[in-house]
Amino acid sequence: MTLATVDLSLFKSGRDHGFVKLVGHGISNAAISQSFGWSKSFFQLRPSQVQNEDLRDAREHFDQGSPNDYQYPTRWPPERELPGFRGFMEAFFEVLEGVAADLMAALELAFGLPQGVFVDLITHPRELLKLNKSKWGT
């Protein structure tokens with residue numbers, strides 16, 4: 001699907017329903033399943049496995065920012081406690097950043113705005129990926 005096609009769909013869905021369901025975004029089902037698996041693994045860590053005091057206090061959620069955010073860096077559990085978690089999540093975050101940029105570009109077209117109006121606003125490390133513990137175990 002091209003941006004020109006997406007922008008019309010976004011506009012119509014937003015106008016008619018107040019929200020959009022994003023499909024065909026390019027994120028594989030395998031990557032999405034892996035992200036849920038890592039989330040479940042994170043929330044199964046015992047407090048004694050997490051050395052960072054900030055993570056011990058937030059057992060219901062995990063906030064991940066951009067690897068380029070040096071002002072508010074992500075507080076990761078120790079690699080030895082959850083090997084591969086940080087690597088996967090940082091790569092997944094990068095993929096999500098790309099989808100966000102594509103979505104903002106499509107919204108620019110949908111609203112008839114000049115190219116870059118929205119995209120330029122997300123070039124700074126302000127994005128956040130939040131994992132939430134649910135009653136279903138993830």
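**Note on the predicted model: surface patch and aromatic cluster**

1. F11, F111, L113 and V117 make a nonpolar surface patch of about 320 Å². Patch members have over 30% relative accessible area and no salt bridge; nonpolar side chains (Val, Leu, Ile, Met, Phe, Trp, Tyr) are joined within 5 Å, like charges within 9 Å. A salt bridge here is a Lys or Arg side-chain nitrogen within 4 Å of an Asp or Glu carboxyl oxygen. Areas are Shrake-Rupley values with a 1.4 Å probe, and for residues only the protein chains shown count as cover.

2. This is a predicted model: local features need pLDDT of at least 70, side-chain atom pairs count only at pLDDT 80 or more, and totals for chains, interfaces and linings use all residues. Residues are numbered from 1 along each chain as its sequence is written, and side-chain values use heavy atoms, with hydrogens and water left out.

3. Confidence first. The mean pLDDT (the predictor's confidence in each residue, from 0 to 100) of the protein chain is 81, and 80% of the residues score at least 70. Helix α2 (residues 29-43) has the highest confidence, at 93, and helix α3 (residues 53-56) the lowest, at a mean of 59.

4. The protein chain has four helices and two strands. Their order from the N terminus is α-α-α-β-α-β. Both are DSSP runs: helices are H or I with at least four residues, strands E with at least two.

5. F11 sits in helix α1 (residues 3-17). Why is F11 partly exposed? Because its relative accessibility is 33%, and the class lies between buried (under 20%) and exposed (over 50%). Of the 138 residues in the protein chain, 30% are buried.

6. Nine aromatic pairs are counted. F42 and F62 form a tilted one, 4.9 Å centre to centre with 55° between the planes. This pair links distant parts of the chain: F42 is in helix α2 and F62 in strand β1 (residues 61-65), 20 residues apart. Both F42 and F62 are buried. W76 and F85 pair edge-to-face, at 5.7 Å and 75°. W76 and F85 are buried too. Rings of Phe, Tyr and Trp (its six-membered ring) pair if their centres lie within 6.5 Å; planes under 30 degrees apart are stacked, over 60 edge-to-face, the rest tilted.

7. One aromatic cluster takes in W38, F42, F43, F62, W76, F85, F88 and F92.

8. The protein chain exposes about 9,200 Å², 56% of it from carbon and sulfur atoms.

Technical notes
Buried < 20%, exposed > 50% of the residue type's maximum accessible area, 1.4 Å probe, protein only.
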